[in-house]
Amino acid sequence: MDKLFGISMNTWLVVMLILLAVCLVTVAWIWLRHRVIFKLGVRNIPRRKSQTALIVIGLMLATLIISAALGTGDTLTHWIGGSVYKQFGPVDEVVVHTSGDAKPSAGAALSVRIPESQLQYVRDQTKNDPNVDGVGGLLAAQSPVLNMGQVDLAKLDLTSPAAFEQIIKTAKQSEPVVNVAGIDEQSLKDLGGLKTKDGKPVTIADMGSNGVVLTSDAADQLQAVKGDILLITLNNQPHAVKVVGIADNTVLAGAIQNTGQKLEGMSMPLANLQAMMGAPGQISAIAISNKGDSRAGVKLTDEIVNAHKSAFLTQELGIVPLKQDAVKQADQIAQGMVAFFIIFGLFSIAVGILLIVLIFTMLAAERRSEMGMARAVGAQRRQLIQQFIAEGTGYALIAGLVGALLGALAAGLISGFMGLLFAGSLDVTPHVTLRSIVIAYCLGTVITFIAVALSSWRVSRLNVVAAVRDIPDSYNPHKNKRQLMWGVLMVIGGAILTALGHNSHQAFSFYTGMSLIPLGIAAILTYFGLKPRLVLTLAGLYLLALWLLPESVADKLWGKTNGNIEMFFLSGIFLVAAATLIIVQNLRALLALTQRLGGAMRGKIASIRMAVAYPGATPGRTGMTIAMFSLIVFSLVMVATLVTNFSKLFLGTEATAGWTIRVDVPQDNPVANFEQALKQRGIDVAPIQAIGTTAQPGAFSTQFRNPNGAWKPGLVTGADASFLDNSKIEFQARANGYDSDQAIINALKSDPNVAIIDASAIPQGGGGFGGGNDNYQLEGITANTKTFAAPTIDVISPEIQTPRKVKIIGVIDQKITSMFGLYVNDAGLKQIFPSNAPAAMHYYVKVAPGTDTKAYTLSIKHALLPNGAQAVDIKQELKDAQKQSSSFLYILEGFMGLGLIVGIAAVGVVAFRAVIERRQSIGMLRALGFQRSMVQESFVIESAVIVLLGVLSGAVLGIALAYILLTSNSFTNGEKVTVTYPWVQIVLLMAVAVVAALLMSWLPARQASRVHPAEALRYE
């Protein structure tokens, strides 16, 4: 991974090393100038090993999250980027047919062939370019393949249809679609040659008249070895070929599909493939190899493209930076993944920071008398800060190292789960760089250091007399001028952010400002004597109302604002802060209720009263613990709810548009009459109620643009009347003049100049995910639009010079997830692709209720195997796709759940520290007659009350925010959602959090119960 949030990873490394150096220099200065203070701080680290271990577990979380996210990015970059370099090898650019002013597209190679004579033109044009070291031509096709094993080629009868049917039944293994590449001797030599897996070079002469070289993925899928006889079908004619070698997955070996997927292909002599396809003197694309190896050559791409694109355009040729685009895409995927993990990981990092503050707050409480004595004999506040910084940095350095290493391990686990998730199509290998580990270590340590420094500053502010006497500090807000200063600053800063956000329509700054203002006002009001409980409770209620306002109400009050994924984190922070503020300010009432409920349990009233007394006496500490659990449970509940509802939306009854089976037939083996072909192959067509046909010539080569806009890639599909009549298509937005869905369908059937488009073309603003700059999006239509003035857009293909004008009259409802792209009728498709070149065909089949869909799909697939047809159960295909998406989000949930470990560790830290802090109190209770079981019960009940408050708060907030999001038009892109909650998952999550926390508190509670009264009363 080369960049993160647009900044070079090398820059991140330098900055992080500098910041770490600043932290270490600070500690070194303390060691040199105040060695006694330094020793007083670090001596506490080895004194209590079990507590130190708990502290390290809590502190390491930030580093672990960062390291895991960066390691995942490295893995994705290495996997996708590595496969790019390996697949394309020396091929850096391709020259394809182009037309008009559209950007050249590599997809044109699959739809429009070019004369082989153009290969010599490109060679002549580039022969004096020192940056080019090779040019070669390639012909591409797709074919079904049957592996017949080691059979006698002369005994295969391919002339009789009956004999061919028998051959299909005896095949060792088959694949419906394998890519085929044809190349000549000179091109193979100029592009670096081809080698088998054992390193032996392969020449065109070695292949002979019927030899082929398989990619390793194709060999694996076909269970093929050298010498096997394969049957391929092109132009519906079978041909027997012999495997002469197995090579790596490279373009020259036939790996010409998308990177990151299984690359099943084969290569053969160009002349042989031209003869099989009936395409003499034609090729699909011309490959260019840059000077240098496969990685170094990419750096010359821009220079080569700029040097030759004008000359190529005169021949209707365009040069595509194929490898450069693929490398950029790989890095963008990795960056997006890392950003996704880090944004959601911020919840856990925030919990880790809260734990740091909590730890040092409790350390200060434990050593309060000690610090008071130190101040009494002349120690200054800054020396106390230095002591805590020395101790905290020791924890941070250890925790950072452990967290960075465990994060790398977590990245490996995430990669492993992703490999299992995409098994059969993707091959994910864990790969974490030392640079990422160092960056994670530095950043995690710096975050911990800053949190420790701020916590140390806070705990150093103590009243010397009260500390020496070990009594609570008296607090008078009217005398705390810093509180007034901070209140004024929050109001002013909030007002500025609110104004900036309102003017720029940015939700992040607007809602941050709107949230800071009431907190600042509360600080000012309490300074002037108003009761904190009333003021802070009102401030918390205001924040809850602000963040849980329905979108329609918020838009009317504040105007439309745009946000993105970062709003999840911001909303979580302020919602949890608001709820915790309300809980803490009303803690006595909540604890009194607990006490009354517990009064019904005979014999437990004393334990319950002790349990509820301490949380009320230390509201700050209690609030931080509640907030930790609330943050984690909030994020997990919200994501789980969103996943459940999007899965339901994706797999609704409308998703298939009323069709049952889709049969995809590649363009090189068309089916003349689909229903007749099924009958001839012995398929009972009685269950079929309807058949619809769509065509996609040059599926990846079309481009769209708005008036005066830039060209964007898009997919154009031609639909016949039967498909339109029998599809259950609903529209979430209709053009003016079309008062019903049927009116749009009728217009689409009769008018070649109109089209419909799927909902992904609607700009999402910022309320949801997606909508990248590379995707085509309509103008003047939003998620809330129901009717619109029909826009006219330009559509171009490699076959036409002048773009076609197409009027969009309907936006397909996003519930129909099986349809995507732009749809026109057959006549409209003819205008965009005027040639009669074969097209990829898709046959949609609707079968009668009660039909065994799975069995019928398999029978169609087998019957049309000679054509390379892929028959799929549409509903099952959508389920599989959604299962992968949901599984990935579950991986993300597991990643976020690391924060739960910190919350559980926090309970342990709090409980252990509470035992030490209350040692004398425990001794007094035992002396007054408290039994061991009563002491143990009081500690466990105390933890249970705090954890339950946090878990319930987080769950309620997560459920509420998920509902607000799922009922907002911008987030669901205008789709109406009936919200469903995964109650089993939510209850299980809450139960795990509570039980685990109670188990963590049981050990220190047991330790507290074993304190001897005499020893405890002598304890200082």
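Local features are reported only at pLDDT of at least 70 and side-chain atom pairs only at pLDDT 80 or more, whereas totals for chains, interfaces and linings use all residues. Residues are numbered from 1 along each chain as its sequence is written, and side-chain values use heavy atoms, with hydrogens and water left out.

The protein chain has a mean pLDDT (the predictor's confidence in each residue, from 0 to 100) of 83, and 90% of its residues reach 70 or more. Over residues 766-772 pLDDT stays under 50, and the model has 16 contacts (heavy atoms within 4.5 Å) beyond four places in sequence for this segment. Where pLDDT is low, the predicted coordinates should not be read in detail.

Strands (E, at least two residues) and helices (H or I, at least four) are DSSP runs numbered from the N terminus. In strand β22 (residues 754-758), 5 of 5 residues are buried, that is, under 20% relative accessible area with a 1.4 Å probe, protein chains only. Val754, Ile756 and Asp758 lie on one side of β22, and Ala755 and Ile757 on the other. Strands pair if DSSP finds at least two bridges between them. β22 runs parallel to β25 (residues 804-812), joined by 5 bridges, with Val754 opposite Lys807. β22 is also joined to β26 (residues 822-825), antiparallel, by 2 bridges; here Ile757 stands opposite Leu822.

Helices α33 (residues 932-966) and α34 (residues 983-1009) pack at about 155°, with their axes 8 Å apart. Axes are lines fitted to C-alpha atoms over the stretch in contact, and angles run from 0 to 180 degrees between N-to-C directions. The two helices are therefore roughly antiparallel, a term for angles over 145 degrees.

Definitions and conventions. Buried means under 20% relative accessible area, exposed over 50%, partly exposed in between (1.4 Å probe, protein chains only). Angles under 35 degrees count as roughly parallel, over 145 as roughly antiparallel, 65 to 115 as roughly perpendicular and the rest as oblique.
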